[in-house]
Amino acid sequence: ATFTVTVNQTPTVSVRTDTIVLDGAVVPATFFTSTPPGATFSWTNSNPSIGLATSGTGNVPSFIANNKGSENISGTITVTPTANGCTGASQRYVITVRPLNKD
């Protein structure tokens, strides 16, 4: 018997660098790239109080940063790529939102 074995490359994802913004700022959408190209992405946000949903698929949408407190708050965004039936290692970046009244 003859059969073919296909070995798919485990995808990797490139994420943005950590970001610091002020309350009320527009945080631009984050577009992910993968190796190999064509992966899909799922993401989670550890702190939805920054103004971003708890989770999603695809790229992270633009949102309005939120922090009405007196101290910095942060959310860790964890992104996981999937391609050709293989799930790659998650990558993380942090969005920190400073309150407007912070010196």
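Student: Which residues does Asn 47 touch, not counting residues up to four places away in sequence?

Tutor: Asn 47 touches Ile 73, Ser 74 and Gly 75 on that count, where contact means heavy atoms within 4.5 Å. This is a predicted model, in which local features need pLDDT of at least 70 and side-chain atom pairs count only at pLDDT 80 or more, while totals for chains, interfaces and linings use all residues. Residues are numbered from 1 along each chain as its sequence is written, and side-chain values use heavy atoms, with hydrogens and water left out.

Student: Where is Asn 47 found?

Tutor: Asn 47 sits in the loop between strand 5 (40–45) and strand 6 (55–57). Strands are DSSP runs of E with at least two residues, and helices are runs of H or I with at least four; both are numbered from the N terminus.

Student: And is Asn 47 buried or exposed?

Tutor: Asn 47 is buried, because its relative accessible area is 18%. Buried means under 20%, exposed means over 50%, and partly exposed lies in between, using a 1.4 Å probe and protein chains only.

Student: What does the side chain of Asn 47 reach?

Tutor: The side chain of Asn 47 reaches the backbone oxygen of Ser 74 at 3.1 Å. This is a polar contact, a pair of N or O atoms within 3.5 Å; within protein, one atom must be able to donate a hydrogen and the other to accept it, and residues adjacent in sequence count only if both atoms are side-chain atoms.

Student: How many bridges join strand 5 to strand 8?

Tutor: Six bridges join strand 5 to strand 8 (residues 73–83), and the two run antiparallel. Two strands pair if DSSP finds at least two bridges between them. Strand 8 is also joined to strand 10 (residues 91–98), by seven bridges and again antiparallel. In that pairing, Gly 75 stands opposite Ile 95.

Student: What about strand 9 then?

Tutor: Strand 9 (residues 86–87) pairs with strand 8 in the antiparallel sense over two bridges. Thr 82 faces Thr 87 there. The hairpin of these strands has two residues between them, and Asn 84 takes a positive phi near 55°.

Student: Back to strand 8: which residue stands opposite Phe 41?

Tutor: Pro 81 does. Pro 81 is buried, because its relative accessible area is 0%. Pro 81 and Thr 40 are 41 residues apart in sequence, yet 5.7 Å apart in space, C-alpha to C-alpha. Not counting residues up to four places away, Pro 81 has contacts including Pro 11, Phe 41 and Cys 86.

Student: New topic: how many salt bridges does the structure hold?

Tutor: The structure holds one salt bridge, meaning a side-chain nitrogen of Lys or Arg within 4 Å of a carboxyl oxygen of Asp or Glu. The partners are Lys 68 and Asp 23, at 2.9 Å from N to O. This pair links distant parts of the chain: Lys 68 is in the loop between strand 7 (63–64) and strand 8, Asp 23 is in the loop between strand 2 (19–22) and strand 3 (26–27), and they are 45 residues apart.

Student: Are Lys 68 and Asp 23 buried or exposed?

Tutor: Lys 68 counts as exposed, because its relative accessibility is 68%. Asp 23 is buried, because its relative accessible area is 10%.
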